[in-house]
Amino acid sequence: MAPLTCEPQNTSREQRLITETRNNLINLLNSQDKNGKNPCADFFGGAANAVAALSAIPFLPGKLNDYKTGISMNVPTGKVAAGQTYVTPGTATVNTIGGFYNTWYVDSKASPVKSLSVPGFGTLGSNNNQSRALQMLHELGHVVITGTNPDGTPIFKLALDGGNTALSEQNTAAVEAACGDLIKAMIKN
Ligand SMILES: [Zn+2]
């Protein structure tokens with residue numbers, strides 16, 4: 001057992017890290033280099049669109065079944081209005097046993113009890129500010145619309161990847177390629 005400490009309750013830490021990560025990302029998306037550029041914001045259709053889409057995602061902490069999932073969203077995939085540039089998910093659950101918050105997962109059903117390493121995201125590991133930023137930006141890619149199919153359904157910046165680990169990792173790599181330099185300028189811990 002961990003010793004007693006004066007840490008705030010888990011719910012407080014969980015909510016705080018969602019708020020801090022989102023605020024950090026709004027700053028990141030609104031920043032410009034000396035040439036007035038931001039490749040990360042450009043990846044998501046520009047800073048204004050990215051910030052509006054990110055602000056609308058209803059991130060809430062919650063326990064998912066699998067510690068390997070960082071965040072899970074219900075993304076609407078029906079027809080969108082002409083000119084619509086993002087959708088708003090019904091839910092966006094930040095997994096309380098996943099890599100947004102944790103480095104280790106304790107499997108208490110195993111005998112003896114086992115500590116399992118929570119998988120990292122891209123090259124940024126888990127449970128640190130940079131990894132949280134990458135995870136949240138990955139989700140942002142699932143709500144930003146880049147076009148529509150002939151039937152009026154949206155084409156997302158990052159194809160939905162629920163249950164598809166290879167596609168999820170490919171999506172994370174694409175976000176890290178566009179945003180990694182800016183994310184790594186953030187304080188990691
Ligand atoms: Zn994904």
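**View 1. Ala92 in strand 3.** Ala92 lies in strand 3, in a predicted model. Helices (H or I, at least four residues) and strands (E, at least two) are DSSP runs, numbered from the N terminus. Ala92 counts as buried because it has 22 C-beta neighbours inside 10 Å. The cut-offs for burial are these: buried means 20 or more other C-beta atoms within 10 Å of a residue's own, exposed means 12 or fewer, and partly exposed is in between, with C-beta atoms placed from the backbone. Leaving aside residues up to four places away in sequence, Ala92 touches Ile57, Pro58, Phe59, Leu60, Ile71, Met73 and Glu139. Two residues are in contact if their C-beta atoms, placed from the backbone, lie within 7 Å. Leu116 is 24 residues from Ala92 in sequence, and their C-alpha atoms are 25 Å apart in space.

**View 2. Strand 3 and its partners.** Strand 3 covers residues 91-95; 4 of its 5 residues are buried, so it is largely enclosed by the rest of the structure. Strands pair if DSSP finds at least two bridges between them. Strand 1 (residues 59-62) runs parallel to strand 3, joined by 4 bridges. Here Phe59 has Ala92 as its bridge partner. Strand 2 (residues 71-74) pairs with strand 3 in the antiparallel sense, also over 4 bridges. In that pairing Ile71 has Val94 as its bridge partner.

**View 3. The hairpin of strands 4 and 5.** Strand 4 (residues 104-107) pairs with strand 5 in the antiparallel sense, over 4 bridges. A hairpin through 6 residues joins the two strands. Trp104 stands opposite Ser117 in strand 5.

**View 4. Thr123 in a loop.** Thr123 is found between strand 5 (114-117) and helix 4 (129-141), in the loop. Thr123 counts as partly exposed because it has 13 C-beta neighbours inside 10 Å. Asn65 is 58 residues from Thr123 along the chain, and their C-alpha atoms are separated by 24 Å.

View 5. From first C-alpha to last, helix 4 reaches 19 Å, close to the 18 Å expected at 1.5 Å a residue. The expected span of a helix is 1.5 Å times one less than its number of residues.

**View 6. The largest nonpolar core.** A nonpolar core is a set of buried Ala, Val, Leu, Ile, Met, Phe, Trp, Tyr and Cys residues joined through C-beta atoms within 7 Å. The largest one has 35 residues, of which Ala50, Leu137 and Leu140 touch the most other members. At least two residues of this core come from each of helix 1 (10-30), helix 2 (39-43), helix 3 (47-56), strand 2, strand 3, helix 4 and helix 5. Helix 4 gives the largest share of this core, 5 residues. Leu137 touches Leu25, Val175 and Cys179, not counting residues up to four places away in sequence.

**View 7. Helix 5 and its bend.** Helix 5 (residues 165-184) bends by about 60° at Ala178. The bend at a residue is the angle between axes fitted to the seven residues ending there and the seven starting there. A straight helix of 20 residues would span 28 Å, but helix 5 spans only 24 Å between its end C-alpha atoms. The buried residues of helix 5 are Ser168, Asn171, Thr172, Val175, Glu176, Cys179, Leu182 and Ile183.

**View 8. The whole chain.** The protein has 5 helices and 7 strands. From the N terminus on, the elements run α-α-α-β-β-β-β-β-α-β-β-α. The C-alpha trace spans about 55 × 40 × 25 Å along its principal axes. Of the 189 residues, 33% count as buried. Among contacts between residues at least 6 apart in sequence, 63% join residues at least 24 apart.

**Notes to the views.** Residues are numbered from 1 along each chain as its sequence is written. In this predicted model, local features need pLDDT of at least 70 and side-chain atom pairs count only at pLDDT 80 or more, while totals for chains, interfaces and linings use all residues.
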